[in-house]
Amino acid sequence: MTDVLLVARSHLLTALRERVTLFWFLVFPVFLLVVLSLVFGRIGEDGGITFDVAFVSFDRTAGGFSDAIEQVVDDLATPAEAGAKPLLSLRRPGSDEDLAEFLGAAMVDVRRGRLAAIVAVPAGFDQSVRARLSPTAAPEDVPLTLYVGSGNAASGMAASILEQVFAGVDRAILARVGRFDESAIVPHRTTWVGSDERETRYVDFLLPGIILMGFFTNGLFGIPGSILFSRDQRVLRRYWVTPLSVPRYLAGLSVGHLTLCVLQYAILYVVGRFALGASVSFAALDTALYLVLAAATFMAFGFLIASLVRTATAGMAVANILNMPMMFLSGLFFPITGLPAFLTAIVYANPVSYLADGLRASVGVESGVFSPILVVVVPLGWIVVSAAVAAWRLRWDVGR
Amino acid sequence: MTAFRALLRAETRLFVRDRVALFFTFLFPLIFILIFGFLMGDVDEPEATMGLYVAPAASDEILRPILDASGLDRVVDLESVADLHSAVTDRAVDFGLTWDGEALDFLYHPNRVQENYAFSQIALGIADAFNLRRQKLDPILPVTSIHVGSEASTRWFNQMIPGILAFAILSSGLLAVSGHLTTMKERKTLDRLLVTPMPPVALLAAIASIRLVVVYASTLLTLLVSVVLFDLAFSIDWLAFTLLIFCSTLGTMGLGTVIALVVRRPSSAGNVANVLAMVMMFLSGIYFPIELMPSFLRVVSRALPLTYLADAMRFATGVSDMSFVRFWVIVASFLALALLLFPVLARYVVRPGRR
Amino acid sequence: MNARSTADSALMRVTDLTKHYGDVRAVDGISFAVPNASVFTLLGPNGAGKTTTLEMLEGIREPDSGEIEIFGRRLRRIDRPTKQRIGVLLQEGNFEPYLRAREVIALFASFFRTARPVDDILERVALADKARAFVKNLSGGQKQRLAIGAALVNEPDLVFLDEPTTGLDPQARRNVWSVVSDLRATGVALILTTHYMEEAEALSDHVCIMDHGKLIAEGSPRELTAELGQETLVEFSADAAGDDDLGPLDACCKGIRSDAGLVTVETTDLVTTMEALLAWSRERAIPLANMTVRQPNLEDVFLSLTGRRLRE
C-alpha cells in the first residue's frame with residue numbers, strides 16, 4: 001500500500017513543482033473563471049456596463065420634446081445610486097462647437113469603435129412629434145436618429161437598450177398629452193420556471209463548467225504527459241527492476257491524479273464562492289459522486305490516449321488536437337443547439353457533453369439536454385472501454 | 001549569402017518534416033474557426049421560439065400581429081399554463097408568454113443564462129408595442145437606426161476572425177524565438193552552428209523568412225475557408241494586409257526575445273510563450289468586446305500588443321474602421337519592436353547555452 | 001572453463017544463457033556462478049553482451065534459452081519475490097527531475113517489504129548534504145550515487161551494477177569504488193559489468209571476460225594474468241622504430257609487438273632483455289622513451305585471447 005501512496009505522492013509533487021503544469025491545471029482555470037464571470041456575469045445587471053454614447057440636438061425648440069429626449073438621456077448618464085456606474089457615459093458638443101462637425105466626428109468614432117452609439121435629435125423633430133400628436137396634420141417624419149456601429153456587439157447592445165428606453169418615452173409623451181391612459185397599462189411580469197425566484201447567476205452556471213474543464217485538461221494532458229514522459233526519459237525502467245508492478249504504479253498514478261483533481265475543485269470552489277459570490281453547492285452526496293465520476297472518466301480517457309500512442313510528442317499532439325473540439329462542442333461554454341449535423345454528431349459522441357449536463361443537473365443548474373440516465377451511463381461506458389483498452393495495451397507497452 | 005541560403009533550405013526542410021508543427025500552424029486556426037463559426041454563428045440574430053398561452057377569457061386579437069412583427073422565429077400555441085411550463089422546462093420553446101387579460105406574464109428558464117438576455121429584450125418590445133396597440137395608439141416617437149460602417153462587418157463572427165488571425169500571428173512569432181530557437185539552444189544544436197563562422201543574423205533571417213511565408217499562407221487559407229464555409233465577406237487592403245503581416249511577424253518575434261531573455265531555462269521558454277499568448281487571447285477583445293470588461297481589465301487590455309494587432313487586422317481585412325494614422329502607427333510600432341529587439345536577439349539569445 | 005567459484009555458496013548460477021536478435025547472437029550460451037560475499041565482474045569491450053546478460057538477470061529482458069538459479073530457486077525469468085532481495089543499478093535510466101534526493105529514496109524504499117532508513121542510505125552514498133536537492137540539479141556523479149543508493153535501499157543480498165562508473169570523473173569513480181568495497185565487506189555479493197580494466201582489477205574477486213557474446217576466460221585477476229606465464233612486460237614509445245628495426249630484438253625476448261608507436265616486449269628473463277634493449281637503443285640511436293616495466297594485466301590477457309584491445 002505504501003508503494004501506491006508514494007507513487008501518488010511523487011506524481012502530485014512533480015505536478016505542483018513544475019511551474020507549467022501548475023499554471024495550466026490550477027492558475028488558468030481560475031483565470032478563466034474570474035474573467036468570464038466578470039465579463040458575462042455583468043450583462044443585464046445594473047451598474048454593470050457603461051456605454052460611451054454621444055448626444056447632439058439640432059432642434060433648438062425650448063421646452064419641447066427635444067428637451068424631453070435630452071432629459072431622458074441625461075438621466076441614463078446619472079448613476080442610479082452613489083458610487084455606481086451609469087449606463088451611459090455621455091459626450092456632447094462644446095458650447096461653441098459646430099454641431100454638424102461634431103456629428104461627423106462622432107460618426108467616425110462610431111465606425112472605429114470608439115463610441116458605442118450616437119443619439120441625434122434632428123432639426124424639426126419637435127414639430128414632427130407635435131404633428132403626429134395632432135389628429136389632422138399629415139406629418140412628415142423627422143425621426144430621432146440612432147447611429148450604431150455595424151458588427152460591434154457593444155454597439156448592438158447599446159442600441160437595443162436605447163430603443164427600449166425610447167419606447168418607454170413614447171408612452172410618457174402620450175400619457176402627458178393625455179392620450180395614453182397610464183392606469184390602463186397592462187403590466188408585464190417575469191416568471192421563472194421551477195422553484196427559483198430569479199435567474200441563475202452566471203457564475204453559478206459557469207463554475208461547474210470550469211471545474212469540469214479543469215478535470216478534463218488534467219486527465220487529457222496530465223496522465224499521458226506523466227506516463228509518456230516518464231517512459232521516454234527512462235524513469236519507468238528504474239521502477240521495473242524493483243518489486244513494483246505495473247498495475248500498482250498505475251494505481252499510484254491514479255491516486256495522485258485524483259488528489260490533483262480534488263485540489264483543483266477546492267481552489268475553484270473557494271474562488272467562485274468567496275471571490276465571485278457563487279451560491280451553487282456541491283455538498284450533496286449525488287453531486288460529490290458525480291464529480292468523482294467525471295474525474296474518473298477523464299482519467300480513464302487519459303490512460304486510453306497514453307496507451308495508444310508511442311512517444312510523448314505524439315501524445316501531446318493528440319491531446320492538443322482533441323482539447324478544443326471536446327471542450328467547446330460540449331455545451332460547457334456555448335449552447336449547442338442549432339449546430340450542423342456533423343458537429344452535432346461530435347457533441348453526442350463527446351463524453352464531456354454528458355458530464356457537463358449531468359453535473360449541472362446535480363447542482364440544480366441543469367440545461368436538460370440529455371436524459372438523467374444517459375448522463376451516468378455514457379461516462380461509465382467510456383470508463384469501461386477506456387480502462388479495458390488501456391489495461392490491455394499498457395501492460396505490454398509501459399513495461400519496456 | 002551562402003550561409004543564409006543553406007540555413008534557409010535546412011530550416012525549411014525541418015519545418016516541413018515536423019508534421020506536428022505543420023499541422024498546428026495550418027490546421028489549428030482552421031479548427032478554431034470551424035468550431036466557433038458554428039457555435040457563435042447566430043449570436044447577432046438569435047432565433048427565438050416563444051410558447052403562448054392565451055387564457056379563454058382573454059382575446060389574442062391585438063397580440064397576434066404584434067407577435068408576428070416582433071422578430072420571433074415561431075410562436076407555439078399551448079393548451080394550458082402547465083403545458084407552457086413544461087414546454088419551457090423541456091426546451092421545446094425558448095421562453096413563454098401567458099396572457100390572461102390582466103397582465104403579460106413572461107416565463108423563462110432560469111438556467112438558460114447565456115440566452116435569456118436576448119429573449120427578454122424581445123419580450124420588452126412585445127410588452128411596449130402591446131400596450132400602445134391596446135389603446136389604439138401608434139408609436140409616436142419616430143426612431144430610426146442607421147448603421148455606420150461597412151456592410152461586411154455586420155456579423156460578430158466577421159469581427160472575430162481577424163482577431164483569431166492576429167492570435168495565430170502572435171503565437172507563431174513568439175514561438176519562433178521563445179520555442180524554436182530556445183529548443184535549439186537547449187539541445188545544443190545551436191552551439192554546433194555557433195562554433196562556425198556562420199553569422200547569427202543569417203540564422204535569424206532564415207527563421208524569420210520561413211515564418212513570414214508560413215504565416216502569410218496560413219492566414220490566407222483561413223480567410224479563404226471562412227469565406228467559403230460561412231459566407232463571410234472581407235474587403236482586404238492588400239498593401240496594408242501584407243505590410244501588417246510582415247511587420248507584426250517580425251515584431252512578435254522580437255517580443256519572443258524578451259521572453260527568451262527573462263526565462264532562465266530554455267526549455268521553459270516555449271511554455272511561457274504559450275501561456276502568455278493564451279492569457280492575451282482572452283483579454284484582448286477577440287472573444288468578447290473590450291467594452292464588456294470591467295475598467296481595470298480594460299486597462300490591462302490596452303497594454304497588450306495583441307489588442308492592437310487584432311484591431312489592425314480588422315482594418316486590413318475591411319471588417320472595421322480605423323484612422324489611417326492609427327493603423328500605420330501600429331504597423332510601425334511592430335516594425336520598431338523588431339528593429340529594436342533583433343539585435344538584442346542576435347547578441348544575447350543566439351549564443352551558447354552555457355553560463 | 002575454470003568454474004573456480006565454490007559451488008555450494010553460489011548465490012546465483014547461470015547456465016547456457018542465450019539471447020539472439022535475428023542472426024546476431026548477442027549472448028551465446030554463457031554459464032557462470034556468483035558466490036557470496038564477493039565482487040564478480042563481467043569484463044569486455046562495448047558490444048560484448050555484458051549489459052544484455054545483466055538485463056536478463058535483472059528481469060527486464062527475456063532470455064531465449066538457458067537457466068537461471070538464484071537464491072536456490074530455478075527460474076526462467078526473475079520474479080517479484082526475487083526482486084525483493086536484489087538491488088539493481090541500470091546502465092541507462094533517470095529519476096523524476098522534480099523530486100528531491102530523499103524523496104526518490106523514500107519512493108524506492110516503499111517498493112520493498114523491508115528497507116533501510118532514507119538517511120542511512122544517503123549517508124552511505126555520500127549524498128547526505130544533498131538530501132533536499134532536486135534531481136534536476138544534481139551532477140552526473142551525484143545522480144549515479146543516488147541510483148546506487150536506490151539499488152541498496154532494501155539491503156539486498158545480491159547487487160547488480162551495470163557500468164557503474166562510465167562517464168564519471170576520477171573522483172566520482174573512486175567514490176563508487178569505495179562504496180563497492182564497503183558493500184563487499186558487509187557480505188553482499190555484487191555482479192558488475194565494465195570495460196575498464198583497472199576497475200576489474202581493483203575491485204573484483206572473480207572476472208569473466210566476454211567477447212562477442214561468449215565467455216572466453218574466467219578466474220580471479222591474478223589467475224588470469226598468471227595464465228600468460230611468468231612474464232614481465234617492458235614498454236616504451238618509439239615512433240621511429242620500424243619493423244626491420246625491431247626484428248633483431250626477437251631473439252632476446254618472448255615476444256614483441258608494436259602498436260601505434262608503443263612497443264611492448266614480453267620477456268621471461270628481464271635482465272637479458274634489458275641488456276639487449278639498451279644495446280639496441282644505443283646502436284640504432286633510438287631512445288627508449290617513456291619506458292615502463294610492468295606485470296601483465298587484464299588488457300594483455302584480452303589481447304592475447306582476441307588480438308584486440310578492450311578499448312578500441
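What follows is a short talk about cores, a sheet and its helices.

Guide: Keep in mind that this is a predicted model.

Visitor: What makes a set of residues the largest nonpolar core here?

Guide: Its members must be buried nonpolar residues joined through C-beta atoms within 7 Å. The largest such set has 153 residues. Leu212(A), Val104(C), Ile105(C) and Leu190(C) have the most contacts inside it. Helix α7 (residues 202–232) of chain A gives the most to this core, 16 residues.

Visitor: Which other core lies apart from it?

Guide: One of 65 residues, including Ile33(B) and Val331(B).

Visitor: How do you know what Leu190(C) touches?

Guide: A contact needs C-beta atoms within 7 Å. Leu190(C) touches Val39(C), Phe40(C) and Val159(C), among others, leaving aside residues up to four places away in sequence.

Visitor: Why do β6 and β10 of chain C count as edges?

Guide: Six strands of chain C form an open sheet, ordered β6-β7-β8-β3-β9-β10. β6 (86–89) and β10 (214–219) each have a single partner strand, so one side of each lacks a neighbour in the sheet. The twist averages 15 degrees from one strand to the next.

Visitor: What makes β3 and β8 of chain C a pair?

Guide: Pairing takes at least two bridges. β3 (residues 39–43) and β8 (residues 189–194) of chain C have five, in the parallel sense. Therefore they count as paired strands. Leu42(C) has Thr193(C) as its bridge partner in β8(C).

Visitor: Which strands does helix α5 of chain C touch?

Guide: Helix α5 (residues 140–152) of chain C packs on the sheet, touching β6 and β7. Its direction makes about 165 degrees with that of β6(C).

Technical notes: Residues numbered from 1 in each chain as written. Chains lettered and ligands numbered in written order. Predicted model: local features only at pLDDT ≥ 70, side-chain atom pairs only at ≥ 80, totals over all residues. Buried ≥ 20, exposed ≤ 12 C-beta atoms within 10 Å, placed from the backbone. Helix = DSSP H or I, 4+ residues; strand = E, 2+ residues; numbered from the N terminus. Contact = placed C-beta atoms within 7 Å. Axes fitted to C-alpha atoms, helices over the stretch in contact; angles between N-to-C directions.
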